[in-house]
Structure formats: C-alpha cells, structure tokens
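This report is for a reader new to the structure. Please look at the sequence and the model shown here before reading on.

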Amino acid sequence: MTQPTKSNRKLLIILIAGSIGMFGFGFALVPLYDVLCDTLGINGKTQNSASSYEAVVVDKNRTVTIEFVTQVQSGMPWEFSPKVNKISVHPGELTHAQFLVKNLSTRDTVGQAIPSVSPGQGAAYFNKTECFCFNQQPLAAAATAELPLIFYVDPDLPASINTLTLSYTLYDITDRQATAIEQGAAK
C-alpha cells in the first residue's frame, strides 16, 4: 500500500512543477519574443507617440520607397485603404500621406490602427510626427473619413534598405470603448 502512495506523491510533485514551469514560460513569453525579434531584426514595431521633426539635411541623392498596406480585423464593418499604395521619399524629407476609412455598418463604431514596419531593422528609422494610429478613431454609421500620416525617414537608414513597408491593421474597439466609458461613469 505504501508504494502507490509514494508514486502518487511523486506524480503530484511532477504535475505541480510542470504547471509552475508552464505558467512561468507563458509569463516570460512576451519579453522572450521581443528579445528574439530584436536579435533577428524582425521586430517592425514603430513608436507609439509622435516624433518631433527637426530640420535635417535631406539626402536628395537617395530615394526610399514607402509601401502602404492595410487590413481590417475579420468581422469589422469598415473599408480601410491608403490613398496611394506607394511613394518615393528622400531620407530626412517630411512627407504627408492619407488613408481612407468608411464605416459600412448602421451603428457608430470605434477603430484603433496598429502599425508595423518591415523590414524590422527599418522601424527605428521610420518616424511619425502625426499619425491616426496614436488615437482611437470614432466613425459614425455610414460615415467616411481621411486619416492623416506625417512622417520622415531618418537619413541614417542603412544603405541596404531601399524599401520600407508600413502596414496597418485596424481593430474594432467599440465594445471596449463602451465598457471603459461605463466603468468611468460608475465611479
């Protein structure tokens, strides 16, 4: 009878240790992912706040192609696209771009755009001075809007990078926005 009890305890200890290990791994996954992406140069994250533009010498001898890619969260009733899909800029030059959105639903909704730049090494050199992605975008039912982007490419962008792709994914945050407002009113 003592043998099954010892094996049960051993099994219980192994299961508890495994559970703690899995929890720890899950908790450390985001920082590990960030370190891995930074090491491999595939991070693509842009800054979450506006950069200030200080007049720099524009490199007129170099042209960088900026491609714009947009997508909408599955099930979100919006159309979202850049006015132009591709532009050529000189590093250091302040550039304006516009994105178009249309709410296809019969109710007011709120969207939030999340940007990414590829190749990831280029993200550190792509500076947004104004971006619709810094704020939530409320849009009335059946309404349309133009969303501005003002940016510049740092002249220190490595010479091996000639094209940057700026990708935006638009998420429907209407329900989260309503919940936050309700919770704020209840206080």
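## Disulfide

In this predicted model, the count of disulfides comes to one. The bond joins Cys131 to Cys133, with an S to S distance of 2.5 Å. The link of Cys131 and Cys133 is right-handed, with 130° about the S-S bond. Both cysteines, Cys131 and Cys133, are buried.

## Nonpolar core

The largest nonpolar core holds 29 residues. Those that touch the most other members are Ile66, Phe68, Phe99, Leu149, Phe151, Leu164 and Tyr168. At least two residues of this core come from each of β1, β2 (78-82), β3 (86-89), β4 (95-103), β5 (109-118), β6 (126-131), β8 (144-153) and β9 (163-172). In soluble globular proteins, nonpolar side chains tend to be buried together.

Leaving out residues up to four places away in sequence, Ile66 touches Asn85, Lys86, Ile87, Val89, Phe126, Phe151, Val153 and Leu164. Two of these partners, Phe151 and Leu164, are also listed with Ile66 among the core residues that touch the most other members.

## Val57 in its loop

Val57 lies in the loop between α1 (2-40) and β1 (64-72). Is Val57 buried or exposed? Val57 has a relative accessible area of 73%, and exposed means over 50%, so Val57 counts as exposed.

Apart from its neighbours within four places in sequence, Val57 is in contact with Pro91 and Pro155. Gly92 is 35 residues from Val57 along the chain, and the C-alpha atoms of Val57 and Gly92 are separated by 6.3 Å.

Key: Residues are numbered from 1 along each chain as its sequence is written. This is a predicted model: local features need pLDDT of at least 70, side-chain atom pairs count only at pLDDT 80 or more; totals for chains, interfaces and linings use all residues. Side-chain values use heavy atoms; hydrogens and water are left out. Helices (H or I, at least four residues) and strands (E, at least two) are DSSP runs, numbered from the N terminus. Buried means under 20% relative accessible area, exposed over 50%, partly exposed in between (1.4 Å probe, protein chains only). Contact means heavy atoms within 4.5 Å. A disulfide is a pair of cysteine sulfur atoms within 2.5 Å. A nonpolar core is a set of buried Ala, Val, Leu, Ile, Met, Phe, Trp, Tyr and Cys residues joined through side-chain atoms within 4.5 Å.
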